[in-house]
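Here are some notes for a first look at this structure. Please keep the model open while you read.

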Amino acid sequence: MRVVIVTESFPPDVNGVAHCALQTARHLVDRGHAPVVVAPAPAPGSKPDASAPCPVVHVPSLPLPGYPQVRVALPSRRLAATLIEHRADVVHLASPFVLGVRGMAAAARLGIPAVGVYQTDLAGYARTYMGAGEAAAWRRIRSVHGACDLTLAPSSAALHDLGTHGVPRVELWPRGVDTERFRPDRRDEVLRRELAPNGELIVGYVGRLAPEKQVELLSAACGLEGVRVVIVGDGPSRPGLEQALPGALFLGRRTGDDLARVFASFDVFAHTGPFETFCQTVQEAMASGLPVVAPAAGGPLDLVTHGRTGLLVPPRDAGAVRDAVRSLAADADLRAAFGAAGRATVEGRTWAAVGDQLIGHYAKVLAGRRTAVAA
């Protein structure tokens, strides 16, 4: 198949959309297909990323006001030209919002089937950043995804939300995890002594530092005796979080094997954001053999089995996060049992396995188009 992946973000960006689009492109190449990626141009001066397994077409972009790490694509003829020149069989829309909307429109004009991947809780973001606008966000989601031949939801919670808001033709497609990179034996005692020189229990968070992630909910855990909170990631909320989380250690952005080493050197992984459609970092923590504390909302509901691989807590409840961390800090055997069960749970969730599922979805869409034409 000849596939054009239209994505709102791609490496060198570091986020779930960029990572999933990269893994999708890699798997398509591995299986003998021919993908091309269309993405917003990275910020001027960004280091070139050599990880792309296929051609990448960049369209002009500008930084999102107030959140310069996010680039927003500008109108460009390059998108439609790429669909034509590549002779696309299917268009893959990764978290369509701006560039993806144009990709959907171009695919429709050219008669190319489109598969939309729902990955971002725009309604939750609207509530976080504007205090309103959820209805408008859902209208946009319904408009974009309703025009797709198929929408793929990453979790049962996302599947339910899309169905409740009238989005048709939705199926489940989860995310894979690199179980070779993220694994317990990458635990590094030298690093642990650097992070917690007094032998504290290390509670880690990995992800963007932005309002919707609600990392400030770790503030109460920072006050626990014998606990060191370590924050990995960057974003507009970092200055405020450095004030809100006394004693926490901020490591900035980490990637690749370095990130895997940090993950495996934690004792507990804590995620705080309630708006995750999936939550890839929870999977990476589980692959690293860590017990997980996460809100009982969104994607983590599919990933964390309460009382077996971690603890689910009420969303937006700093006290509940603190109490969950305290209970795990007090019981090394429980931490070990949760971590081992988490690793066993994700061992079969490779990118190859979920990539083959995606190819199956493409094939189903193409077969449906052929049937419709024949009729």
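1. Start with α11. Eight of its eight residues are buried, leaving this helix mostly covered. They are Gln 280, Thr 281, Val 282, Gln 283, Glu 284, Ala 285, Met 286 and Ala 287. Bear in mind that this is a predicted model.

2. Look next at the end of this helix. Just after α11 comes Gly 289, with a positive phi of about 80°.

3. Which residues touch the most other members of the largest nonpolar core? They are Phe 263, Phe 266, Phe 269, Val 282 and Val 292, in a core of 29 residues. At least two core residues come from each of α7 (189-195), β10 (201-206), β11 (227-232), α10 (256-265), α11 (280-287) and β14 (292-295). As a general point, nonpolar side chains tend to be buried together in soluble globular proteins.

4. Leaving aside residues up to four places away in sequence, Phe 263 touches Phe 182, Val 206, Phe 269, Thr 281, Glu 284, Ala 285, Ser 288 and Leu 290. Thr 281, Glu 284 and Ala 285 are among the buried residues of α11.

5. There is also a second, separate core. This one has 27 residues, including Tyr 205, Ala 270, Val 321 and Phe 338.

6. How many disulfides does the structure hold? The count is zero. Take Cys 20: its closest cysteine sulfur is in Cys 54, and at 14 Å that is too far for a bond. Cys 20 is buried, at 2% relative accessible area. Now take Cys 222. Its sulfur is 19 Å from the closest cysteine sulfur, that of Cys 279, so this pair is too far apart for a bond. Cys 222 is also buried, with a relative accessible area of 16%. A pair counts as a disulfide when the two sulfur atoms are within 2.5 Å.

7. Turn now to the second largest pocket. Its space is about 210 Å³. Two or more lining residues come from each of α4 (122-130), α5 (134-146) and α6 (156-164).

8. Which lining residues lie nearest the centre of this pocket? Asp 121, Asp 161, Pro 274, Phe 275 and Gly 298 do, out of 19 residues that line the second largest pocket. By type, the lining divides into eight nonpolar, six polar and five charged residues.

Methods. Residues are numbered from 1 along each chain as its sequence is written. This is a predicted model: local features need pLDDT of at least 70, side-chain atom pairs count only at pLDDT 80 or more; totals for chains, interfaces and linings use all residues. Side-chain values use heavy atoms; hydrogens and water are left out. On a 1 Å grid over the protein atoms alone, a cavity is a set of points where a 1.4 Å probe fits but cannot get out, and a pocket is an open set with protein on both sides within 12 Å along at least five of seven lines; lining residues have an atom within 4 Å of a point. Grid points are joined across faces, edges and corners, and a volume is the space filled by probe spheres set on the points. Helices (H or I, at least four residues) and strands (E, at least two) are DSSP runs, numbered from the N terminus. Ala, Val, Leu, Ile, Met, Phe, Trp, Tyr, Cys and Pro count as nonpolar, Asp, Glu, Lys and Arg as charged, and the others, Gly among them, as polar. A nonpolar core is a set of buried Ala, Val, Leu, Ile, Met, Phe, Trp, Tyr and Cys residues joined through side-chain atoms within 4.5 Å. Buried means under 20% relative accessible area, exposed over 50%, partly exposed in between (1.4 Å probe, protein chains only). Contact means heavy atoms within 4.5 Å.
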